[in-house]
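Let's take a walk through a protein model together, going from its sheets to its ligand. Have the sequence and the 3D view open side by side as you read.

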Amino acid sequence: MKTWRVLLLGFGTVGQGVAERLRDGATELAAGGLDARIVGVIDPALGSIASAEGLDPGQLLDLANRSGSLRDYPGATLAGSGADAIEAIDADVVFEMTPTNLVDGGPGLQHVRTALGLGRHVATTNKGPVALAWSELAELARANDVQLRCEGTVMSGTPLLNVCDGGLAGAGVYGVRGILNGTCNFVLSRMEAGVDYDEALAEAQELGYAETDPSGDVEGWDAAAKVAILGNLVLGGALTLSDVSREGIVGIGKGDVRSAARQGTRLRLVGSVRAVDGTVVEPKVGVEELSLDDPLAAVCGPANLLTFETEALGPVSIAGPGAGRAATGHALIADLLTIHRQVGS
Ligand code: HSE
């Protein structure tokens, strides 16, 4: 059985979700013919540690939750941060799970560049690097003969991007359209139930759906990043975030939602992008007034749904969680299994 040495960049919600999956779901990896050993964790708040023998995910979780520091892990060495630590810790794959920064990619972009340049496979849930610099990073991965996988950047661990390499390969996908931001969908759904916008947004924050700065959700930035990612990874484009036409739900009130209901329609924030003759066109995010027989109109609360338009199968839709600790943690495990299958043992 192949043992993959994994370096975790970030041990917040997503990193801890991965550790929980490794602690509780080890048999699923074994069934896939692999074992994962955490050889390092780098986190600005909890500290950075390394061990070539491996760090036990349960112990990491205990330390993070009990003492708020990983530095007391018995037998581990203290590690640095950023590029130096990525270079110093001998890993086969880097899980990049630092918070998304859609302005300049933040430290995550440099982490991905460094790891790929060192010949490490990368799996990331960070939308910044993928939405802002996909072409550069994909080329870097190719040049270094390693994989860059991003399942968790869109709809968390709900399988979408890996499905395109698998069951949808050869189906001729020429478009995608979906509800890609759980926070906005939750807010619109709550307003349908009579709750005010501000209160609904506060609930979404309380429930952990919203980004740290929720303007990223309600102004449409998060969904736009996901459209850019889908345009690139599913349709072969070279989009960046600024190519996506963007509108959020700011300014939509209960009156608008009620008026739509009176017409027998629903308001939803919809993201879409298409390919025409091999060119990716019309990447956009906006509020649409949908008739109730549109499958997207039936999506309520924080759920997400994406429809692939395909030549061979017609529309194929996948619905599932778009956020959450366990669901996003699973995305990294799914990416590791895909890397294992594609690269071999
Ligand atoms: N804030 C995002 C959402 C989280 O509401 O969908 C997942 O990207």
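This is a predicted model: local features need pLDDT of at least 70, side-chain atom pairs count only at pLDDT 80 or more; totals for chains, interfaces and linings use all residues.

Begin with the open sheet of seven strands, whose order is β4-β3-β2-β1-β5-β6-β7. The pairing in this sheet is mixed. Look next at its two edges, where you will find β4 (77-78) and β7 (148-149). Each of these has a single partner strand, so one side of each is left without a neighbour in the sheet. For β4, you can follow the pairing with strand β3 (residues 47-55): the two run antiparallel and are joined by two bridges. To find the spot in your viewer, pick I49, whose bridge partner in β4 is L78.

Now move on to the open sheet of six strands. Here the order is β9-β11-β10-β8-β12-β13, again with mixed pairing. β9 (245-246) and β13 (314-320) are the edge strands, each pairing on one side only. Within this sheet, strand β8 (residues 173-179) runs antiparallel to strand β10 (residues 265-276), and four bridges join them. A handy pair to display is G175 with R274, its bridge partner in β10.

Stay with this sheet and turn to β13 at its edge. Seven bridges connect β13 to strand β12 (residues 304-310), and these two strands run antiparallel. β12 and β13 form a hairpin, with three residues between them.

With the sheets in place, let's visit the ligand. Where does the ligand sit? Its place is in the largest pocket. The residues around the ligand are K127, N181, G182, T183, Y209, A210, E211, D217, D222, K226, G322 and A323. Sorted by class, this shell has three nonpolar, four polar and five charged residues. Two helices each supply at least two residues of the shell, namely α8 (182-192) and α11 (221-233).

Y209 takes part through its backbone: one of its backbone N or O atoms lies 2.8 Å from a nitrogen atom of the ligand. As for cover, the ligand taken alone exposes 260 Å², and the protein buries 90% of that.

Note on methods. Residues are numbered from 1 along each chain as its sequence is written. Side-chain values use heavy atoms; hydrogens and water are left out. A residue is near a molecule or strand if one of its heavy atoms lies within 4 Å of it. A polar contact is a pair of N or O atoms within 3.5 Å; within protein, one must be able to donate a hydrogen and the other to accept it, and residues adjacent in sequence count only if both atoms are side-chain atoms. Accessible areas come from the Shrake-Rupley method with a 1.4 Å probe; for residues, only the protein chains shown count as cover. On a 1 Å grid over the protein atoms alone, a cavity is a set of points where a 1.4 Å probe fits but cannot get out, and a pocket is an open set with protein on both sides within 12 Å along at least five of seven lines; lining residues have an atom within 4 Å of a point. A molecule sits in a cavity or pocket if more than half of its atoms lie within 2 Å of its grid points. Ala, Val, Leu, Ile, Met, Phe, Trp, Tyr, Cys and Pro count as nonpolar, Asp, Glu, Lys and Arg as charged, and the others, Gly among them, as polar. Two strands pair if DSSP finds at least two bridges between them.
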